[in-house]
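I opened the model to look up its salt bridges, its core and one of its sheets. My notes follow in the order in which I checked things.

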Amino acid sequence: MGDFTTGTIQKEPVRRQWTIEAPFDERVRELVEDWGTEKTPELIEEMIVTALKIARDEMGVADLKLINRSLKELRYAAKVFASYDGVRKVAIFGSARTAPDAPDSQMAEEFGREIVKQKFMVITGGGDGIMGAAQKGAGRENSFGLNIRLPFEQKANPIIEGDGKLINFNYFFTRKLNFVKQTHALALFPGGFGTMDEGFEVLTLMQTGKARIIPMVLLDVPNGRYWETWMKFVRDDMFKLGYVSSEDFSLFKLCHSVADAVNEIAKFYKNYHSVRWVGDQLVFRICRKLSTKAIVDLNRKFADLVREGQIVQAKALLAEMNEPETWTLPRLILTPHRRDFGRFRELIDAINIAPTA
């Protein structure tokens with residue numbers, strides 16, 4: 001899995017320029033070398049140095065416990081997901097309180113079953129309600145559960161309980177980070193504060209360019225009014241008061257059928273593969289080259305995104321050599337303004353329907 005921020009943090013040296021005290025610097029390097037680290041030993045060294053600095057920062061025990069436990073949770077989750085790195089995943093949110101026989105639950109179960117047919121795995125909070133229904137549809141073998149320890153309500157559902165892909169978190173923020181980091185699409189069903197929290201979190205990250213653009217579908221049963229009510233608030237209050245922009249509405253879609261939601265996710269990856277920042281350049285990886293006319297049309301329709309130069313079709317850049325699995329894919333490369341990220345979603349949609357060479 002690539003960096004979920006698409007390489008937003010740039011211009012850092014290959015070798016981290018860390019230091020504490022001369023004798024300790026060498027001892028840290030020797031420790032990492034003796035332990036054996038095949039990939040990016042400089043990052044392991046830097047984490048050790050950070051821990052040593054913490055030891056002299058006179059922090060309280062509560063802060064030390066928080067940092068320690070957070071790191072352990074992030075490390076374990078990354079270890080679990082690593083075995084499924086090449087598989088796309090959909091995060092599914094909705095109320096844990098929805099009854100198993102409710103129409104929303106039946107829809108979530110159908111969605112889980114159908115999205116797996118598109119070669120996606122599902123990630124839920126691991127609880128009951130919408131989460132349990134979606135995992136029942138997807139099946140245990142195609143499911144991850146990111147469970148949160150609560151004094152009430154939240155326990156692992158029977159589908160994922162006892163499975164190696166069930167991960168228990170003490171902190172909401174480490175859990176939320178893994179939802180965003182690991183997912184390639186987002187499906188929201190009617191729910192409460194938690195559902196709203198996750199939905200607005202992802203929208204904020206995409207809107208500000210801090211996370212890659214992914215398809216986000218808001219599902220409700222036919223004639224349901226849950227998301228229409230939400231949309232009315234976003235449109236009549238947030239938008240009209242100038243708190244969000246018109247292009248932000250391209251970041252999500254309301255769906256009243258499973259078929260519509262699954263199609264929205266599947267077509268997002270029809271030709272588009274992934275994206276990455278390389279310095280000031282934004283590199284779109286695509287599965288098939290576009291025609292010359294398609295490139296001309298993209299430059300005409302999305303000239304407002306380009307800060308300098310044009311959208312060009314090219315091969316992989318040298319800076320992308322650390323992602324060999326995408327090396328042979330064609331590229332669309334541009335130097336854009338880092339704003340109006342809803343327009344980036346519109347560009348991806350245009351790429352997916354553009355004629356290929």
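Entry 1, a salt bridge. I looked up Arg56 and found a salt bridge with Glu21, the closest N and O atoms being 2.8 Å apart. The term stands for a side-chain nitrogen of Lys or Arg within 4 Å of a carboxyl oxygen of Asp or Glu. Arg56 lies in the loop between helix H2 (41–55) and helix H3 (61–82) and Glu21 in the segment before helix H1 (22–35), so the pair ties together parts that are 35 residues apart in sequence. I note that helices (H or I, at least four residues) and strands (E, at least two) are DSSP runs, numbered from the N terminus. Arg56 is exposed at 60% relative accessibility, while Glu21 is partly exposed at 35%. Buried here means under 20% relative accessible area, exposed over 50%, and partly exposed in between, with a 1.4 Å probe and protein chains only.

I am working on a predicted model, in which local features need pLDDT of at least 70 and side-chain atom pairs count only at pLDDT 80 or more, while totals for chains, interfaces and linings use all residues. Residues are numbered from 1 along each chain as its sequence is written, and side-chain values use heavy atoms, with hydrogens and water left out.

How many salt bridges does the structure hold? I noted 27. One of them joins Arg235 to Asp236, with the closest N and O atoms 3.2 Å apart. Arg235 is partly exposed at 37% relative accessibility, and Asp236 is partly exposed at 24%. Another joins Arg339 to Asp340, where the closest N and O atoms are 3.5 Å apart. Arg339 has a relative accessible area of 45% and is partly exposed; Asp340, at 29%, is partly exposed. I also noted one network, in which salt bridges that share partners join Lys253, Asp260, Glu264, Lys267, Arg345 and Asp349.

I looked up the largest nonpolar core and found 79 residues. Such a core is a set of buried Ala, Val, Leu, Ile, Met, Phe, Trp, Tyr and Cys residues joined through side-chain atoms within 4.5 Å. Those with the most contacts inside it are Val90, Ile92, Phe111, Phe284, Leu298 and Leu332. Helix H11 (residues 341–353) gives the most to this core, with six residues. I then took Leu298: leaving aside residues up to four places away in sequence, its contacts (heavy atoms within 4.5 Å) include Leu290, Ala303, Ile311, Leu332 and Leu347.

Is Asn178 buried or exposed? Asn178, in helix H6 (residues 172–182), is buried at 0% relative accessibility. A polar atom of the Asn178 side chain lies 2.9 Å from the backbone oxygen of Thr174. Beyond four places in sequence, Asn178 touches Leu74, Ala77, Phe81, Leu146 and Phe169.

I found four strands forming an open, antiparallel sheet in the order E8-E9-E11-E10. Two strands pair if DSSP finds at least two bridges between them. Strand E8 (272–278) and strand E10 (306–314) are the edges, each pairing on one side only. Five bridges join E10 to strand E11 (residues 331–336), and Glu308 has Thr335 in E11 as its bridge partner. H11 packs on the sheet and touches E8, strand E9 (281–286) and E11.

Conventions: A polar contact is a pair of N or O atoms within 3.5 Å; within protein, one must be able to donate a hydrogen and the other to accept it, and residues adjacent in sequence count only if both atoms are side-chain atoms. Axes are lines fitted to C-alpha atoms, for helices over the stretch in contact, and angles run from 0 to 180 degrees between N-to-C directions.
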